[in-house]
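Student: I am new to this structure. Please show it to me, and then let me ask about the words used for it.

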Amino acid sequence: MQLDAKIPGGPLAQKWDRHRFELKLVNPANKRKFEIIVVGTGLAGGSASASLAELGYNVKTFCIQDSPRRAHSIAAQGGINAAKNYTNEGDSIWRLFYDTVKGGDFRSREANVYRLAQVSNNIIDQCVAQGVPFARDYGGLLANRSFGGSQVQRTFYARGQTGQQLLLGAYSALMRQVGTGKVKMFPRREMLDVVAINGKARGIVARNLITGEIETHTGDAVVLCTGGYGNVYFLSTNAMASNVTAAFRAYKKGAYFANPCFTQIHPTCIPVHGDYQSKLTLMSESLRNDGRVWVPKNTGDKRRPQRIPEPERDYYLENKYPSFGNLVPRDVASRNAKEQCDMDKGVGETGLAVYLDFEDAIKRDGKEVIEKKYGNLFQMYEKITAENPYETPMMIYPAIHYTMGGLWVDYNLMSTIDGLFVLGEANFSDHGANRLGASALMQGLADGYFVLPYTIGGYLAGTPLEEITTGHSAFKESVTSVNDSVEKLLSINGKRTVDDFHKQLGHIMWDYCGMARNDEGLKKAKGMIQQLRAEFQENVLVPGSKKDFNQSLERAGRVADFLEFGELMIIDALSRQESCGGHFNEAYQTAENEALRDDENFCHVSAWEFTGKDKEPVLNKEELKFDNVELTQRSYK
Amino acid sequence: MTKTINLTLKVWRQKGQKKKGRLETYKAVDISTDMSFLEMIDVINEQLTLEGKEPIAFDHDCREGICGMCGAVVNGRPHGPEKGTTLCQLHMRHFSNNDTIVIEPWRSRAFPVIKDLAVERSALDRMIQAGGFISVNTGGAQDANAIPVSQEAAELAMDAAACIGCGACVAACPNASAMLFLSAKVSQLALFPQGKPEAAKRAISMVREMDMLGFGNCTNETECEAECPKEISITNIARLNREFYKAGFFSAEK
Ligand SMILES: Cc1cc2nc3c(=O)[nH]c(=O)nc-3n(C[C@H](O)[C@H](O)[C@H](O)COP(=O)(O)OP(=O)(O)OC[C@H]3O[C@@H](n4cnc5c(N)ncnc54)[C@H](O)[C@@H]3O)c2cc1C
Ligand code: FES
């Protein structure tokens, strides 16, 4: 299929205005005749549900957790970007756009990124109006800080709980609409299939996680805001319920999956400490504003950090990248940490950690200032490790954190299934091969508050939609297939638990499709995943029954999807014979060990098409054109 | 350095809302003190599964103390013995070898048990629906810096806004009152100029909703503040009371 991104014509800066003018409108009285299904209540789904309902649409909103306020977005710590230039440092929409395209290593779509930078300012206005308690200066105006990959301070924050506060803002708007009856909320539901009729998304099948009932819901459009798939690695900074299931089942129904191998490893997480560990904890990278990263100069130096004198410390980021120093983008910081540990300079019990040291910042600004900025992060660190970071340098190591890949969408955020829109981390759209810090919150809210409410109107106004009910054969088929897969999982009755399989899959993915990749390893991993998947089908042990609150069964379904999806990531990584951003193929690097792109052959989005169970997916390419920025080798020296 | 301990767990098992529950005893052996409390339950659940038994149902998601999904009463205390700590952030280093730990769900009329340790907390969402918001539609907001807010007010609002909605305050209160939860939201919004126009209406309708949902009255027992994992202060309750009385006396809202 020829992929058409539907990018509007005209100069970059006018595309969005022009498009909004050209989009067909649904008149206010007609909006109430439409019903829209939104799956997910993170920043993307929460903001979309509330905004659509305010416009007059009827909305049905679904989430896995017991309350929409608990979506994974709640855990974001550091902040949200906007091009306000309140700090008078010369920031602008253009600069935010440029930084994001460059940070993404030139693998994102110019027009989308420009729009994102444009609406970033509206987001901050909206959130303040809702009562989001952003940090403020003494004069009462909003405070800013800088964040990885940027030389201006454009990040807005609410202590170390920015995601929580933004999500509670969107949630309160959503609750207001639930109160008015415009949104019907379905918590503790897991979407297990998209129903397409005559090529258009017309509903979903979901499991009620309390009763186990399989439910069907019709709609005039379906909006997936189901987050990222980092948990394919088992250990990640994502919440436990984060999954690929919704996106993957849409993929199987005809939505293309774009750039699945583009995953982000975050440089500042608390290191792994045991095999019982269930997740990894992020230490916001805002810490790199004041913390200095170092390792001992000599290999195998096992002294306590305080005992290692200045001249015997290697502040490797500051030395190697004098202009960005500790603030280089995430992929660069992560790979450098791995490199140091591979050279046997890693610290801590496992040798898989580097120091992040606040001693100089505390000397310079005083403990109080540091506490005000990072108090809750320091506290969290101490709770987990029993070490006090005011006195002993933190230990950090990279961990899987974010997934740039996701369902392919056009400029309207619509997937290759008509009427199926995808927002937030679940789509692939704005971050290319690497996301800059504080840009995911911006994108989720941009999509939900300021993009979808317009583009979905254009779709609904211009598309004839016949009356349908859940009695339609497409719903019945979908329910049958969902039921069959649930029953299959319960009937295997093997000898290994779901988590046991998930951990093994995670190891394969981290070892062969993690921070650095090579063809040989990827090929090996592909075989290993196929084998593991076959064993899962015969040997997984899922206790309990289907008509019940059964958390093992929930996890089993998600892991079954990860076992198929992991292979798609490997296929994608193998096909992209270059390095870019988070995808680092060891065969392609510059003399300075930076990712070496091949713009001649790989300046495209890889959108994968499902062709059937156990069949190789088909690659469709969306060529990327850069008319406004020059493709350069990224350098943060 | 990593150390391990052995424990006896007494865990509340209840098959469903209408079913009778009881405490079951399990041995937890070789538990690393670096584990979190929930990781310790994971270990028990893996064992139970392999023995062909049903694992313990419990809610959790972020495992970093921010989503508010986890929570259980541990030895009589919501979220366990550590101050200012959610259950997922409680580490086993705070227990000793051979301890017996009793683990029960939140107990409140407004929070029926779904299964084992998982409870139904949608009543908290319903209170927010009754007024825990500022009525602004998307679009049309003025520039964010148009209304300055003093740093002090912003900090106080943030202190209140840190509530994670876990329900520990209700579980801790002898009257099962949700006053701390409710007051945190009313306070946060009342501290901002943009929240003022609806302040009276908000206080009245949220309190009314709380009464209807079957939560008890606040009689200043202060257990909520002591057990709150985010250390939300009861000064928020005083602020709520002020808003509420102001609303009653001076406003047309009834
Ligand atoms: C620890 C951490 C810190 C971060 N810090 C920052 C930061 O400082 N700045 C920044 O910009 N970004 C940050 N990020 C990234 C950012 O938080 C996420 O990318 C973003 O919040 C994703 O939002 P979302 O709305 O797309 O999805 P999510 O918030 O993940 O929401 C997904 C929703 O979908 C629902 N769902 C999923 N599957 C199903 C299904 N099958 N059926 C029904 N419902 C389903 C879930 O219940 C949930 O409601 C951070 C991420 C992490 C992990
Ligand atoms: S699991 Fe999120 S607060 Fe404990």
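Tutor: Start with burial: buried means under 20% relative accessible area, exposed over 50%, and partly exposed in between (1.4 Å probe, protein chains only). This is a predicted model, where local features need pLDDT of at least 70, side-chain atom pairs count only at pLDDT 80 or more, and totals for chains, interfaces and linings use all residues. Residues are numbered from 1 along each chain, and side-chain values use heavy atoms, without hydrogens and water.

Student: Why is A:Asp614 called exposed?

Tutor: Its relative accessibility is 65%. The cut-off is over 50%, so the word exposed applies.

Student: What makes A:Arg533 and A:Asp614 a salt bridge?

Tutor: A salt bridge needs a side-chain nitrogen of Lys or Arg within 4 Å of a carboxyl oxygen of Asp or Glu. Here the N to O distance is 3.9 Å, so the pair counts.

Student: Which parts does that pair tie together?

Tutor: A:Arg533 lies in helix α15 of chain A, and A:Asp614 in the loop between β20 (604-609) and β21 (618-623), so parts 81 residues apart in sequence are tied together. Helices (H or I, at least four residues) and strands (E, at least two) are DSSP runs, numbered from the N terminus.

Student: Is A:Arg533 buried or exposed?

Tutor: Buried, because its relative accessible area is 15%, and the limit is under 20%.

Student: What about A:Glu535 and A:Arg496?

Tutor: Their side chains meet at 3.1 Å, N to O, in a salt bridge. A:Glu535 has 30%, so A:Glu535 is partly exposed. A:Arg496 has 16% and is buried.

Technical notes. Chains lettered and ligands numbered in written order.
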